[in-house]
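Below is a note for a colleague who is meeting this structure for the first time. Please read it with the model open beside the text.

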Amino acid sequence: MRTNKRALWVGAGALAVVLAAAGSTATAPAPAPVPEKAGELAPVRSANAIDRRVDDDAQAMIEQGRAAFRHSTFRSQTFFGGALRLHEAVAELSPRQALAAGLKVDADAVPPEVLATADLDDPATTAALLRLNAVVGVRGFFGADPSAHRGLTSLGITCAFCHSTVDDAMAPGIGQRLDGWPNRDLDVGAILALSPDLRPLADRLRVDVPTVRTVLMSWGPGRFDASLPLDGKAFRPDGKTAAVLIPAAYGLAGVNLHTYTGWGSVPYWNALVANLEMNGKGTFFDPRLDDAGRFPLAAANGLGHKRDARDAVTDKLADLHFYQLALRAPAPPAGSFDAAAAARGAQVFNGKAACATCHVPPLYTDPGHNLHTPEEIGIDAFQAERSPTRQYRTTPLAGAWSRSKGGYYHDGRFATLGAVVDHYDRHRDLGLSPAEKADLVEFLKSL
Ligand code: HEC
Ligand code: HEC
């Protein structure tokens, strides 16, 4: 021990000599400036076996996470098939009807000759597509007997159901998968309402079946209400649906809190969704849901303390998290905005309009605790009050161009980016000229 300690001191002394020499030698070359911007840092490529192990692990997690995101039902078929018998209705749906409800077809999963000759008016084609695992976000389970429900014995959903769409390369609704893009065509409520037996859902919501049906049919395309099974609130005070727009699941890396109202981190929310929204089998813990005043259904149904015998969720959370962080927001298509106006708009965004006080570039959300009160952004508190935080999360703005369908803000209350800018101009007394507003919109389209 003694000798080791001495050796350490001798080493430190030698280092001090080297440092002193470096500081005092007039002929030493000037040190390279320390890069300040992320893009100025030279990437550190894997140099040895230790580094390569990290690279390989990262790649494996992305691939496992992609599989979980696209294909894992988390055993939600016990609910959608087993309880609601949704597969019986889907077996009678033609592809054309399925596409009209916003469902998407993964063209990569279907042999081209099959796709070319498929009869889109025949429900048998839907079953064939499900057998190929080609209906984005929907997994069919098939038994030995093909006569009943075209062989479908059950059906579950995956994250891709709501958070993926396709690029329409073959036809509207048929193309390559775009993971992370919100499916703003998908009518979740209308699809669920097809279920032959809505009683299990009605029981969980503690209402009757006609009420459940009315609520599901009130959502409309691109919307879902993740808070409904927690607080039972289906309508806002103004009578409109309480369902929110399906958000993007891309561009989330570096962002602290997630969901419109900042319920928690990505892995927090993934666990909540897989367990409580998709009705998968797993484990979920959140004692905030024991608050019977705010979350009467969650408290009554013990949702903050879920422990299923078989856990099909927890072992996927790490990979799922990793995959979502790897999904970048899509860049705007060439020519979709006026670059000169966008450059002027950036000045307005960072300067006069003070948007960047909350939407801090390049994350375009607040680094840190990224929540704000309803008053700060000038909207009502209804949705914020449905969350433990009672606040709204600063939406990361990258890719905003790709989610214009359904409008902006959590409930789509602003139909266009121009309407969002007008709102801030009024609420925050920005005094923007029409030209500044137009430039700001071009900037938002460029992100
Ligand atoms: C039935 C539709 C639906 C399904 C299925 C679904 N989500 Fe979501 N997701 C939503 C909606 C709606 C929200 C917004 C919730 C809110 O803020 O109230 C959301 C929010 C999110 C967010 C937060 C995004 C942000 O901007 O912070 C993430 C992350 C997410 N979902 C991931 C997933 C994952 C992973 C799965 C699969 C385990 C999944 N979702 C399944 C509809 C869905
Ligand atoms: C006080 C913080 C704050 C400031 C300042 C602010 N925002 Fe926001 N912004 C938010 C929050 C919080 C939301 C989420 C609102 C919701 O979903 O209901 C949001 C949402 C948005 C959205 C909608 C994104 C989407 O996908 O729905 C846009 C666009 C936007 N802001 C642009 C701007 C612009 C432009 C400015 C400057 C004029 C600005 N924001 C100033 C906090 C802020």
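1. The centres of domain 1 and domain 2, taken over C-alpha atoms, are separated by 34 Å. The chain's domain assignment places domain 1 at 68–220 and domain 2 at 339–446, such bounds coming from an automatic or database domain assignment. The model is predicted, with local features needing pLDDT of at least 70 and side-chain atom pairs counting only at pLDDT 80 or more, while totals for chains, interfaces and linings use all residues. Residues are numbered from 1 along each chain as its sequence is written, and chains are lettered from A and ligands numbered from 1 in the order in which they are written.

2. Around ligand 1 there are 26 residues, of which Cys-159, Cys-162, His-258, Thr-259 and Tyr-260 are the closest; a residue is near a molecule if its C-beta atom, placed from the backbone, lies within 6 Å of it. Helix 8 (160–163), helix 13 and helix 15 each contribute at least two residues to this shell, and the largest share, 5 residues, is that of helix 13. Helices (H or I, at least four residues) and strands (E, at least two) are DSSP runs, numbered from the N terminus. By class, the shell of ligand 1 holds 19 nonpolar, 7 polar and no charged residues, where Ala, Val, Leu, Ile, Met, Phe, Trp, Tyr, Cys and Pro count as nonpolar, Asp, Glu, Lys and Arg as charged, and the others, Gly among them, as polar.

3. Helix 13 (residues 266–277) and helix 15 (residues 317–326) also meet each other: Val-266, Pro-267, Asn-270 and Ala-271 in helix 13 are in contact with Leu-317, Leu-320, His-321 and Gln-324 in helix 15, contact requiring C-beta atoms, placed from the backbone, within 7 Å. The residues of this contact divide into 5 nonpolar, 3 polar and no charged.

4. Ligand 2 has 27 residues around it, and Cys-355, Cys-358, Tyr-409, His-410 and Tyr-424 come nearest. Helix 17 (374–377), strand 12 (392–393), helix 18 (417–427) and helix 19 (434–446) each supply at least two residues of the shell, with the largest share, 4 residues, coming from helix 18. This shell of ligand 2 comprises 18 nonpolar, 6 polar and 3 charged residues.

5. Two backbone details deserve a look. The peptide bond from Pro-361 to Pro-362 is cis, with omega near -5°, and Pro-362 sits in the loop between helix 16 (339–350) and strand 11 (371–372). Phe-74, although not a glycine, has a positive phi of about 55°, and its place is the loop between helix 2 (49–71) and helix 3 (77–83).

Note on methods: Axes fitted to C-alpha atoms, helices over the stretch in contact; angles between N-to-C directions. Contact = placed C-beta atoms within 7 Å.
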